[in-house]
Amino acid sequence: MWSDNETVRDLVNFSQVAEIAAERIVGARGEPLSMGISGDWGVGKSSMMKLLRDSLEKRDEIDVRFVEFNAWLYQNYDDARAALMEAITAAVVEQAIEKKDTLAKSVLEKAKGLLKRVKKLRLLGLAGSAAVDYFTVGTMTPFVAGGMAAFSSLTDGSVTGDDVKGAKDFVEEGISGGKSLVDEEKDEEGNEPAEETPRKAIQAFRDDLEATLEELGITLVVLIDDLDRCLPKTAIATLEAMRLFLFLKHTAFVIAADEGMIRQAVRSHFDGAELDDDLVTNYFDKLIQLPIRVPPLGTQEVRAYLMMLFVENEAGLAENRKEEMREAVCKRLGRSWEGKRVDKAFMLEQIGECPSGLLNRLALAERIAPILTTSPKIQGNPRLIKRFLNTLSMRMSMARIQEVNVDEEVLVKLLLFERCGDKDAYAEMLRAVNEAEDGDPTLLADKEKRVRGEGDVPPLEKPWNDPFHSNWLALDPTLADRDLRGALYVSRETHPIISRADELSSDAKSVLDMLFKMTSASTTVNDEVANLSTQEIAHVTDAVLLKARQETAWGTPNILNAMQALADTSSASAPLIVAFFAEVPTSQIKASLAPRLANTEWGRQVLTSLNARDDIKGPAHKAIQTAMKGKA
């Protein structure tokens, strides 16, 4: 299994981008900087943040202190703005205490005073929110949430005077308690502190923070991650809190977020306002000075990524060898613009003596990398690739535990179709497997031949003719002649195994077996069919027609005996069988079919339909006309 967490082990040469970002922070020389790392979900933004931090920690030119803030963790538990303020201030105060022996007393006191200022701003905000939430029945802040017991009776359908009084007392107590905590202590001479407006309080906080960072000689790098996982309210609150710290000297803010999600949050925040795309984009752009986009993975990177994931999971390789290979792969990817490739041959050069299991997986990575890169539902996304491989691993484990013989390459191909293919086409293939006597999806036969240029077969139709399905059909191994029942059995978490036989009674199942074994007409079988209920005959007819679709030459195959028995016995089955022949390709119609059909009413309907086709020529056409004249 592969972990879904962010990592500093660079497998696709992202370190070069992280190094550039680190250079910008160092090159700012204490000037304020805000940087945005953008990209879709799962492309590696969090890993890029880790790589950036790792790069900065290795540099001697700058003394950096980090604050890692994940707004998603605070959602519904704390006010994101206040939490961010506290996290940043706590990091500065902690650094001041570490350096207390070399700092002037006034600097240390100023640093400690930052906590008081944050406390003041926080409590003012919470007290105000508590009052607003009480009187507007709005969303409760953490302050109100702490007194849920006081409010619970207001929503249980039985409100009393004591309930209202208890809730009111709670809010009043919170507001008065907040006010007492916000009141500044008197100075050493016993004087009351000067009254501060909110604007002055915020500016004083900024001034003190900037001065403290200057005295400490550090650059504060704030890494804000998972902003695009937050609800719009939390995402905007975090961005708004950043404004309090932005553009202070000795600070650098790095935000990892999907720009599309942020734009949606902005639109939600300004609900009802007329916002065009430029205004929404400008909101984010005003916060971000330096945008950096995580580069999407191409086929080269996806192939390398897959191979390195397999290498890292190989128990037979020493850790130092794995690290050497990782470095070699990243270096090679840096030269891919020259035509250098990370492929199986390159990996084998690095490995030397390769374990057989790993060799097979490297070959597998080479085959599936292009389709994982181009599939609209994966598009080379590293997180989705890991999830794909983890699902594959789980299914192979289930096959081993259940003692089901499954070819891993077959399972990979089916999983690709399941994740990326058309749902209706996938369901059609599953039905074919469930109903086939040997579990073979023969409906794929002509399609696989078409993409390989084998034989004279009809062109692909939608959705099989789009790039994904065509590439999937061309991917080895072919599946049309393989028993896929075992592979589907270990894939049961995504679809049930339901066959026609499961819908049949024991009597109907016995009749179906008789029909499949017929080599000539039989009045005994006809009588058995007639004894079934209408519903059972319908199920049996469906099963027979499904097997009939596997035929590729319509002279007098054995399945025709079963079809004739059903059509002769059941007035409901006959039209279905006539309709079936209307869909049989002209190239499959043989001359020997015509005299066989001429002896029954439903058969003559089929002949009339076939005779109307302009493309039936030669012996088949002559035999149809002769049969029709003979029964005229």
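**Notes on a predicted model**

1. Q379 lies in the loop that runs between α16 (356-374) and α17 (382-401), and in this predicted model its phi is positive, at about 50°, although the residue is not a glycine. Most residues other than glycine have a negative phi, and most peptide bonds are trans.

2. H250 is found in the loop between α10 (232-245) and β4 (251-257). Is H250 buried or exposed? With a relative accessibility of 14%, H250 counts as buried, since the cut-off for that class is under 20%.

3. Two cis peptide bonds deserve a look. One joins K462 and P463, with omega at about 0°, and P463 belongs to the loop between α20 and α21. Another joins D476 and P477, again with omega at about 0°, and P477 sits in the loop between α21 and α22 (485-489).

4. On the side of α20 the contact is made by K447, E448, V451 and R452, while α21 contributes S470, L473 and A474. By type, the residues of this contact divide into 3 nonpolar, 1 polar and 3 charged.

5. Helix α23 (residues 506-517) can be checked for its length, because 12 residues at 1.5 Å a residue should span 16 Å, and the end C-alpha atoms are 17 Å apart, which agrees. The expected span is calculated with one less than the number of residues.

6. Which residues of α23 are buried? They are A508, V511, L512 and L515, and because they cover an arc of only 105° around the axis, they lie on the same side of α23. S506 and K517, on the other side of α23, are exposed. The buried residues of α23 pack against α24 (523-530), α25 (534-548) and α26 (559-569).

7. Q95 is found in helix α4 (residues 80-98) and is buried, as its relative accessible area is 4%. Leaving aside residues up to four places away in sequence, Q95 touches R65, L216 and I218. E323 lies in helix α14 (residues 319-333) and counts as partly exposed, because its relative accessibility is 23%. The C-alpha atoms of E323 and V311, which are 12 residues apart along the chain, are separated by 10.0 Å.

8. As for the chain overall, its secondary structure comes to 30 helices and 5 strands. How much of the chain is buried? Of its 632 residues, 46% are buried. Among the contacts in the chain with a separation of 6 or more, 73% are between residues 24 or more positions apart.

Note on methods: Residues are numbered from 1 along each chain as its sequence is written. This is a predicted model: local features need pLDDT of at least 70, side-chain atom pairs count only at pLDDT 80 or more; totals for chains, interfaces and linings use all residues. Side-chain values use heavy atoms; hydrogens and water are left out. Contact means heavy atoms within 4.5 Å. Helices (H or I, at least four residues) and strands (E, at least two) are DSSP runs, numbered from the N terminus. Ala, Val, Leu, Ile, Met, Phe, Trp, Tyr, Cys and Pro count as nonpolar, Asp, Glu, Lys and Arg as charged, and the others, Gly among them, as polar. Buried means under 20% relative accessible area, exposed over 50%, partly exposed in between (1.4 Å probe, protein chains only). The arc is that of the directions from the helix axis to the C-beta atoms.
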